[in-house]
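Visitor: I am new to this structure. Please show me how to read it, one feature at a time.

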Amino acid sequence: MSDAVSTAPDKDEFRARCRAFLDEHAVGMNLGGDADAGGTRRLEAGRKFQAALADAGLAGLTYPLEYGGQGLDKTYEKIWREEYANYPNMTFEFTISHGMCLPMLAEYGTDEQKAKYLADNIRGDKLWCQMFSEPGAGSDVASLQMKAERDGDTWVLNGQKVWTTLAHVSDYGVVIARTDPEVPKHAGISMFVVPMDTPGIEVRPIHQIDGGRHFNEVFFTDVSIPAENLLGEVNNGWNMATAMLMYERVAIGSGSTSGIQHERADALIEEAKKRGLIDDPTLRQKLMRIYAMETCQSLVSMRTRAEMQAGKTPGPGGSIGKLAGTMIMNYVRDVSMEIVGAGGVAWEGESGGGWARAALTGLQGGIAGGTNEIQKNIIGDRVLGLPRDISVDKGVPFKDLKVGTQTS
Ligand SMILES: Cc1cc2nc3c(=O)[nH]c(=O)nc-3n(C[C@H](O)[C@H](O)[C@H](O)COP(=O)(O)OP(=O)(O)OC[C@H]3O[C@@H](n4cnc5c(N)ncnc54)[C@H](O)[C@@H]3O)c2cc1C
């Protein structure tokens, strides 16, 4: 357990403590590529960092002391994020654990669930994954077919999930499954906590175009979990899934740091200098455009974070930051290829390999956490108040829909 502080520390002292901690511990994350295709070394470095953070009384700042947090208000988290923005991101592999599963457990968990899961999660001892997508249910995740059936004191889960980031190294997963096929699709879904070592779970890795192996197919065959692993109420899973997706979009789009950042513009400027291209006026314009786009995205993220600090659960506005991030990533990809030239097709070594890999990795940004088209739909109807998409399956019981492998 941490050296948790029991009274609110002086803010300047707290900032100095954060900085001193980061100076000492936020180092050595220059991993990636073939050297760490499965992300295992990056995860190990992240775990070490997170454990040290907990020992220093700086992990889970806004979560209650009794659950392994520090019991501080959100201004301290803001200070932490501002300082963390100046250092390498050591906690990338905890984006799902901390950015999505932790707030869900804290918001919807029973006291027993919080006591069981929060401290290990905060400390990074246990890693969590999110099991929503299925082969026939991605953008329209409410069409999911995985079944959860009550059997005495247990729930029995059968079906398949796909694209599950970090399932191969996770200890727990938050899963959504169909608990009532007789009602319309959004009304018959429930959310569960599943220990990933439960018999009947098979995790199969998916190899990515950039050489990485971060996500997986997960098959469930008669997976029996205790009834108390239900998170929230039976058949309220859709509302909770929506809440978790909002946290996801903020975690992806707004990152774990705060303040104005132009990391990609800085990296490209360095690359252009190295290659003697920095005086090219057309390229300079493009670099400035990236700088401006990153600045705007930072401001949007800061607004979203400020709303959360004011006590609001993240709303559809999180989609703006996520969409902006993808648009920047796409533009960075084009400009980076222009800078590295023919080296952009090279894979090994320094001739452009890093940028080639980044260009391929960047493609996932417009899909993971909801595609760009879905973000635009959300922004259109929930932020701008435009008319909603036509819904042809409204009011129809799930069992009567033709979705996934269900044909009648
Ligand atoms: C790197 C990565 C990590 C991921 N990690 C996870 C994870 O950890 N857990 C998890 O559950 N899932 C994860 N996913 C899955 C991700 O959430 C889905 O891939 C995503 O929601 C899209 O679903 P789909 O792949 O089934 O595409 P589809 O939904 O089949 O979409 C296909 C195309 O149709 C378009 N489309 C669909 N519906 C509409 C519409 N109504 N209006 C306009 N266009 C539409 C889409 O934009 C897309 O271009 C991950 C995906 C990636 C790429």
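Visitor: Is Ala 85 buried, exposed or partly exposed, and why?

Guide: Start with the general idea. A residue is buried if 20 or more other C-beta atoms lie within 10 Å of its own, exposed if 12 or fewer, and partly exposed in between, with C-beta atoms placed from the backbone. Now the case: Ala 85 has 17 C-beta neighbours inside 10 Å, so Ala 85 counts as partly exposed. Ala 85 is found in the loop between helix 3 and helix 4 (95-108). Its C-alpha atom is 40 Å from that of Gln 145, and the two are 60 residues apart in sequence.

Visitor: What should I know about the model and its numbering?

Guide: Residues are numbered from 1 along each chain as its sequence is written. The model is predicted: local features need pLDDT of at least 70, side-chain atom pairs count only at pLDDT 80 or more, and totals for chains, interfaces and linings use all residues.

Visitor: How many helices and strands does the protein have?

Guide: Helices (H or I, at least four residues) and strands (E, at least two) are DSSP runs, numbered from the N terminus. Here the count is eleven helices and eight strands.

Visitor: Into which domains is the protein divided?

Guide: Domain bounds come from an automatic or database domain assignment. Here they give domain 1 (11-90), domain 2 (130-235) and domain 3 (259-370). Over C-alpha atoms, the centres of domain 2 and domain 3 are 33 Å apart.

Visitor: How does the radius of gyration compare with that of a compact globule?

Guide: The radius of gyration is taken over C-alpha atoms, and the globule rule is 2.2 Å times the number of residues to the power 0.38. For 408 residues, the rule puts a compact globule near 22 Å; the protein has 22 Å, which agrees. Along the principal axes, the C-alpha atoms fill a box of roughly 70 × 50 × 45 Å. Of the 408 residues, 40% count as buried.

Visitor: Which residues of helix 3 are buried?

Guide: In helix 3 (residues 74-84), they are Tyr 76, Ile 79, Trp 80, Arg 81, Glu 83 and Tyr 84. These buried residues pack against helix 1 (11-25). Asp 12 is found in helix 1. Asp 12 is exposed, because 9 other C-beta atoms lie within 10 Å.

Visitor: Which residues touch the most other members of the largest nonpolar core?

Guide: A nonpolar core is a set of buried Ala, Val, Leu, Ile, Met, Phe, Trp, Tyr and Cys residues joined through C-beta atoms within 7 Å. The largest one has 72 residues, and Met 104, Val 174, Phe 192 and Ala 241 touch the most other members. Helix 6 (residues 237-254) gives the largest share, eleven residues. Domain 1 and domain 2 both give residues to this core, so it lies between them. Apart from it lies another core, of 16 residues, among them Leu 268, Leu 287, Ala 324 and Val 340.

Visitor: What is Trp 355 in contact with, beyond its neighbours within four places in sequence?

Guide: Two residues are in contact if their C-beta atoms, placed from the backbone, lie within 7 Å. Trp 355 is in contact with Ser 336, Val 340 and Gly 344, leaving aside neighbours within four places in sequence. Trp 355 lies in helix 10 (residues 353-361). It counts as buried because it has 22 C-beta neighbours inside 10 Å.

Visitor: Which residues come nearest to the ligand?

Guide: A residue is near a molecule if its C-beta atom, placed from the backbone, lies within 6 Å of it. Of the 20 residues around the ligand, Phe 132, Gly 138, Ser 139, Thr 371 and Glu 373 come nearest. Strand 1 (128-131), strand 3 (154-165) and helix 11 (372-383) each give two or more residues to the shell. Domain 2 and domain 3 each supply at least three.

Visitor: Where is Trp 163, and what is its phi?

Guide: Trp 163 is in strand 3. Its phi is positive, about 65 degrees, although Trp 163 is not a glycine. Trp 163 counts as buried, with 21 C-beta neighbours inside 10 Å.
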